Amino acid sequence: MKQRVLVLYLSSSALDDRVVGWASYDGTGRTKPTTGDGDDPPYVTGVDALRDGWRLFQASQLIPPYPGHEYDTSFLKHEFFFEKLE
Amino acid sequence: MTTTSHLLSSVLMARFAAQGFLRLDAVVPDDLNSAAIEAMERGIPGVPHGIPLDVAFPAGSFARRLVDLPPVAGALRGLVGPDPAVDHLAVHVREPNEGSAQPLHGDAIIDTRRDTFDVQLMYYPHEVTPDMGGTLLVPGSHLRLTNESDTGRYQNLLGQVRLTCPAGTVLLLHHGIWHGGRRNDSDRRRYMFKIRFNPTAPQVRLWDTDDLDDPAVRAELSTTFPWYEYATGRLEVYNRIALWRTLTGDDTFDIEHWATRVHNRPGRTA
């Protein structure tokens with residue numbers, strides 16, 4: 001059994017919010033996704049991925065900003081990992 | 001560097017502050033593009049870090065001719081001032097059918113400077129078609145505090161720019177912008193020549209400020225990008241307000257009262 005992983009970045013912490021970024025990794029070896037290989041997200045929302053059979057296995061925690069760094073921006077906050085096993 | 005009348009307008013400067021880059025399409029003439037490709041194929045020696053531009057690029061060299069082109073010189077004048085130092089230069093090559101892309105990254109190391117910035121010039125001497133692995137750019141990512149390729153997990157972001165361009169195109173980038181060389185799926189080599197510039201003087205009102213009060217300036221600075229999370233996108237605008245205050249020397253500038261509101265503490269001085 002091999003794992004395909006889909007990472008979706010959503011516009012808020014809600015799983016039904018819209019996808020703003022994405023990445024995928026294919027343990028089957030059939031495809032070779034890479035940086036900058038497409039402009040269209042695979043799903044409009046995180047829930048759309050669930051409806052297509054992807055299983056959620058990790059979601060970002062909600063972490064308060066560090067004192068003194070409330071206005072800093074860095075990594076995308078709302079990251080969701082999904083898998084399919086084949 | 002040649003002084004020109006091609007200074008940036010305030011609207012274009014605001015676009016740079018918001019997007020983190022400007023593009024100058026097909027500003028380099030064909031003869032210089034040909035000379036550049038020949039020079040890149042021969043190999044271009046490096047220069048010591050931080051030397052004056054005039055020393056780094058002797059008169060007559062293709063690099064000097066490139067930075068002296070009026071649109072390029074005018075834009076650089078507005079961004080890094082009249083006498084920038086050359087941090088380094090590099091020839092980047094994406095080989096034909098090479099099979100992989102660079103991870104998304106910011107150059108050098110995490111850079112927390114908020115009141116100054118370096119500029120990276122990227123020059124494409126030949127046409128870049130969609131399958132040639134043109135540079136991936138993420139508009140509005142330049143103020144994010146991340147270190148080099150720690151962003152490598154992000155393969156695609158909504159609204160990203162997968163550069164295609166005519167021959168002779170020049171990009172001018174804020175040092176912090178997320179970018180990467182895409183996979184070249186064509187049978188042609190793709191060249192890009194990069195120069196990083198360090199300012200040597202305060203970057204305050206170095207451009208043509210006649211249009212500083214044009215409503216289009218505020219519109220540029222208010223732009224959000226499709227990949228922004230809703231809440232964090234507001235912080236991006238907040239940080240742009242701070243950058244624009246620095247660039248203009250106007251510490252009252254604001255958008256939607258966001259900076260003024262969160263600093264309003266009546267009766268308190270610290």
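**Two chains, question by question**

Q: How many residues of chain B are in contact with chain A, and what makes them count?
A: Chain B puts 31 residues in contact with 23 residues of chain A. They count because two residues are in contact if their C-beta atoms, placed from the backbone, lie within 7 Å. Strand E6 (156–157) and helix H7 (230–248) of chain B each bring at least two residues to the side of chain B that touches chain A. H7(B) gives the most to that side, with seven residues.

A quick note before we go on. This is a predicted model, in which local features need pLDDT of at least 70 and side-chain atom pairs count only at pLDDT 80 or more, while totals for chains, interfaces and linings use all residues. Residues are numbered from 1 along each chain as its sequence is written, and chains are lettered from A and ligands numbered from 1 in the order in which they are written.

Q: What kinds of residues make up the side of chain B that touches chain A?
A: That side divides into 15 nonpolar, nine polar and seven charged residues. The sorting rule is a plain list: Ala, Val, Leu, Ile, Met, Phe, Trp, Tyr, Cys and Pro are nonpolar, Asp, Glu, Lys and Arg are charged, and the others, Gly among them, are polar.

Q: How do you know that strand E2 of chain A and E6(B) pair?
A: Strands pair if DSSP finds at least two bridges between them. E2(A), residues 19–26, and E6(B) have two bridges, in the antiparallel sense, so by that rule they pair. One residue to look for is A:Trp22, whose bridge partner in E6(B) is B:Asn156.

Q: What does E1(A) pair with?
A: E1(A), residues 3–10, is joined by seven bridges to E4(A), residues 79–85, and by seven bridges to E2(A). Both pairings are antiparallel. In E4(A), A:Phe82 sits opposite A:Leu6, and in E2(A), A:Trp22 sits opposite A:Leu8.

Q: What makes a stretch count as a helix or a strand, and how many does each chain have?
A: Both are DSSP runs numbered from the N terminus: helices (H or I) need at least four residues, and strands (E) at least two. Chain A has one helix and four strands, in the pattern β-β-α-β-β along the sequence. Chain B has eight helices and 10 strands.

Q: Why do E7 and E9 of chain B stand at the edges of their sheet?
A: Three strands of chain B form an open antiparallel sheet in the order E7-E5-E9. Strand E7 (161–162) and strand E9 (179–180) each have a single partner strand, so one side of each is left without a neighbour in the sheet. E5(B), residues 136–137, is joined to E7(B) by two bridges, and B:Leu136 has B:Arg162 as its bridge partner.

Q: What makes a set of residues a nonpolar core, and which members of the largest one touch the most others?
A: A nonpolar core is a set of buried Ala, Val, Leu, Ile, Met, Phe, Trp, Tyr and Cys residues joined through C-beta atoms within 7 Å. The largest one has 75 residues, and A:Leu8, B:Ala17, B:Val119, B:Tyr123 and B:Leu172 touch the most other members. Helix H1 (residues 10–19) of chain B gives the most to this core, with six residues. Leaving out residues up to four places away in sequence, B:Ala17 touches B:Leu221, B:Arg240, B:Leu243, B:Trp244 and B:Leu247.

Q: Why is B:Ala26 called partly exposed?
A: With other C-beta atoms counted within 10 Å of a residue's own, 20 or more means buried, 12 or fewer means exposed, and anything in between is partly exposed; C-beta atoms are placed from the backbone. B:Ala26 has 15, so it is partly exposed. This residue lies in the loop between strand E1 (21–24) and helix H2 (30–42) of chain B. B:Ala26 also has a positive phi of about 50 degrees, though it is not a glycine.

Q: How much of each chain counts as buried?
A: In chain B, 42% of the 270 residues count as buried. In chain A, 24% of the 86 residues do.
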